[in-house]
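This report covers the pockets of the structure and the surroundings of its ligand.

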Amino acid sequence: MNLEEFLRLNAPEDLAKVAIAIAGKSITVWENIPFKSGLLADVNPSGERQKAIDVYSNDEFVEALSETGLVGEIASEEMTEVVTGKGKLSVAMDPLDGSSNVETNNPLGSIFGFYSSRMPCSGRSLLGALYVTYGNAVTITLSFGKGVHRFVAVKKGPSMSFELLAVNLKIPEKPEVYGIGGSRKDWIPRVRDFVDTFESRGMRTRYCGTFVGDYNQVLSRGGIFAYPEQTGKPQGKLRVLFETAPIAYINEQAGGYSTDGRRNILDIQPSKLSEPSPAYIGSAPLLHELERLVSSIS
Ligand code: FDP
């Protein structure tokens, strides 16, 4: 079964159309990474001046979303203001997550949150979320409130099709891997102490430096991805609206839990579009334990 067929049966019509538009455009973005990122600095098929890959992917997804006619607001990590349209949906996106990893050919990603409210708003307004991973295969992982499902891009004739790879993905409760961003010396002591217990629990470190790449392996293997509160950087790095709330939504649909150390990430009400927060995302038992520890009064 392909993405279109699956969504026709399992998603509201407007969200299905928007997800299909994103899927089509993700292939265009992926095909252009070598050209637009500077990897092939002197090869540019269109002959136009080289654009930064972030700006390029942003413009491509804005175009795809706008063309659906279903979107009222688009917010992006790459834009200071929302782009407005005539539809009802609000879409927040990180069009190219992990772009500093282009040179090393680590996985990259794109993240989308579909909100029912005007932005900025909390993750409680999410109607669904989707992320693309550009790794050894291009995959789409999504949820529209009824479980988490995954699709993989395969060539069918002259074009690409996203075929169903897995339904109802569940994050293992037993934690196996961990990936923590930022600098260890700057993590707040409670986080450092907690992370120090991981090896003795049989967990192994896995960190690729791209949020969705790192989250993707946590979803498959169980464990934690975090970009913690740090001394001198209490809000961490990742943005709530574009990055952590959509992934927290998917993680919750997969049976996991996500926290900023004190509350569910989905309960954070950002006051501006690009507001960051500390983020700890993964298997529910481990994440509840972390929240208890980080939020406790010493
Ligand atoms: P990038 O700056 O390469 O776009 O939010 C952006 C992000 O990558 C995440 O994908 C990643 O998890 C994080 O930043 C990595 O930050 P550090 O380099 O500080 O580890």
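H5 gives the most to the lining of the second largest pocket, with four residues. The model is predicted: local features need pLDDT of at least 70 and side-chain atom pairs pLDDT 80 or more, while totals for chains, interfaces and linings use all residues. Residues are numbered from 1 along each chain as its sequence is written, and side-chain values use heavy atoms, without hydrogens and water.

A pocket is an open set of points, on a 1 Å grid over the protein atoms alone, where a 1.4 Å probe fits, with protein on both sides within 12 Å along at least five of seven lines; lining residues have an atom within 4 Å of a point. Volume is the space filled by probe spheres set on the points. Helices (H or I, at least four residues) and strands (E, at least two) are DSSP runs, numbered from the N terminus.

| Pocket | Volume | Most lining residues from |
|---|---|---|
| Largest | about 340 Å³ | S3, three residues |

The lining of the second largest pocket includes Arg 150, Gly 213, Asn 216, Gln 217 and Ser 220.

The ligand takes the space of the largest pocket (more than half of its atoms lie within 2 Å of the grid points). Around the ligand are 14 residues, with Asp 97, Ser 100, Tyr 207, Tyr 227 and Glu 243 the closest (a heavy atom within 4 Å). Polar contacts are pairs of N or O atoms within 3.5 Å. A side-chain N or O atom of Tyr 227 is 2.7 Å from a ligand oxygen atom, and one of Tyr 207 is 2.8 Å from a ligand oxygen atom.

Conventions. Polar contact = N/O pair within 3.5 Å; in protein donor to acceptor, adjacent residues only side chain to side chain.
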